[in-house]
Amino acid sequence: MKHEYMISGMTCNGCVATVKKNLEKVPGVTSAEVTLDPPVATLMMERHVPTEELKNALKEHPKYKIEEKPVIITATKPVLETDEVRSFWKSYAPIFLIFGYILGATLLVEMSYEAFDPMRWMRHFMAGFFLVFSFFKLLDVPAFASSYSSYDILAKHWPVWGYIYPFVELTLGILFLTNFQMVITNAATFVIMGISSIGVIQSLMQKRRIQCACLGAVFKLPMSTITVIEDLLMVAMSGLMLLSLLKF
């Protein structure tokens with residue numbers, strides 16, 4: 001059973017995560033998909049849930065108001081492959097652009113040396129990655145923390161981790177940039193990013209349609225395999241660098 005509701009009072013992705021989390025706690029609601037633009041909550045129910053019960057679920061957050069808007073299911077034309085490709089690139093353009101900038105900048109840095117050193121390049125790449133990604137998270141830490149807690153295994157049980165995480169990324173970026181204690185820094189990165197990737201993988205396996213918090217609350221990025229690749233890339237790089245350092 002599918003019902004659609006209008007939600008008023010939401011202003012950021014943190015609001016979206018809060019509304020979603022509270023609506024999914026209502027008995028009879030099997031899943032909730034909440035969007036900011038348009039401000040709509042689409043609920044899947046195993047039984048009809050009165051609107052009053054949904055309002056009670058949000059009573060601790062009085063700025064959010066929910067109004068029923070029955071979904072009218074109509075036949076739709078198939079989505080063309082070109083439209084899917086266009087939508088994919090439009091959704092993930094910020095991540096590809098940021099990765100392109102970091103990749104280009106670090107390769108230019110390597111050109112200033114006599115020979116290309118893969119380990120040195122990875123260190124610079126990871127420094128750029130953590131500094132840039134932490135910047136977007138730090139623009140609105142509460143909104144990031146709220147979104148992050150919807151899927152990260154640590155933030156779910158320890159919400160303060162969502163507030164700490166942007167500063168952890170910033171610290172890792174500085175450590176990589178300054179080449180400080182690389183064994184400890186890479187080991188910490190391997191563990192932190194490995195744990196972070198678990199929540200992402202679980203969400204994808206459960207086919208949950210949620211927003212990724214990798215760029216904070218600035219961009220509305222859907223959770224996908226791109227997010228897994230992003231986390232596992234950092235795990236792989238830190239693992240390779242750690243192995244290289246321990247050989248000596």
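User: Which way do strands S1 and S3 run relative to each other, parallel or antiparallel?

Analyst: They run antiparallel: strand S1 (residues 2-8) is joined to S3 by five bridges. Keep in mind that this is a predicted model.

User: How many bridges join strand S2 to S3?

Analyst: Six bridges join S2 (residues 29-35) to S3, and this pair is antiparallel too. Here you can look at glutamate 33, which has threonine 42 as its bridge partner in S3. The link between S2 and S3 is a hairpin of four residues.

User: Is strand S3 mostly covered or mostly open?

Analyst: Strand S3 (residues 40-45) is mostly covered, with five of its six residues buried. For the protein as a whole, 46% of the 248 residues count as buried.

User: Now the inside. What is the general idea behind a nonpolar core?

Analyst: In soluble globular proteins, nonpolar side chains tend to be buried together. In this structure, the largest nonpolar core has 31 residues, and Phe130 and Met234 touch the most other members. Two or more residues each come from helix H3 (81-111), helix H4 (118-138), helix H5 (141-148), H7, helix H8 (182-205) and helix H9 (225-246). H4 gives the most to this core, with nine residues.

User: What is phenylalanine 130 in contact with, leaving aside its neighbours within four places in sequence?

Analyst: Its contacts include Leu170, Leu172, Phe176, Met193 and Met234. There is also a second, separate core of 23 residues, and among them are Leu23, Val34, Met45 and Val49.

User: How do I read contacts across the whole chain?

Analyst: Ask how far apart in sequence the touching residues are. Among contacts between residues at least 6 apart, 67% join residues at least 24 apart.

User: Which residues form a nonpolar patch on the surface?

Analyst: Look for Trp158, Val160, Tyr163 and Ile164, which together have about 360 Å² of accessible area. Tyrosine 163 sits in helix H7 (residues 160-178).

User: Why does tyrosine 163 count as partly exposed?

Analyst: Its relative accessibility is 41%, and partly exposed lies between the buried limit of under 20% and the exposed limit of over 50%. To finish with the whole surface, the protein exposes about 13700 Å², and carbon and sulfur atoms supply 66% of that area.

How values were computed. Residues are numbered from 1 along each chain as its sequence is written. This is a predicted model: local features need pLDDT of at least 70, side-chain atom pairs count only at pLDDT 80 or more; totals for chains, interfaces and linings use all residues. Side-chain values use heavy atoms; hydrogens and water are left out. Patches are made of residues with over 30% relative accessible area and no salt bridge: like charges are joined within 9 Å, nonpolar side chains (Val, Leu, Ile, Met, Phe, Trp, Tyr) within 5 Å. Accessible areas come from the Shrake-Rupley method with a 1.4 Å probe; for residues, only the protein chains shown count as cover. A salt bridge is a side-chain nitrogen of Lys or Arg within 4 Å of a carboxyl oxygen of Asp or Glu. Buried means under 20% relative accessible area, exposed over 50%, partly exposed in between (1.4 Å probe, protein chains only). Contact means heavy atoms within 4.5 Å. A nonpolar core is a set of buried Ala, Val, Leu, Ile, Met, Phe, Trp, Tyr and Cys residues joined through side-chain atoms within 4.5 Å. Two strands pair if DSSP finds at least two bridges between them.
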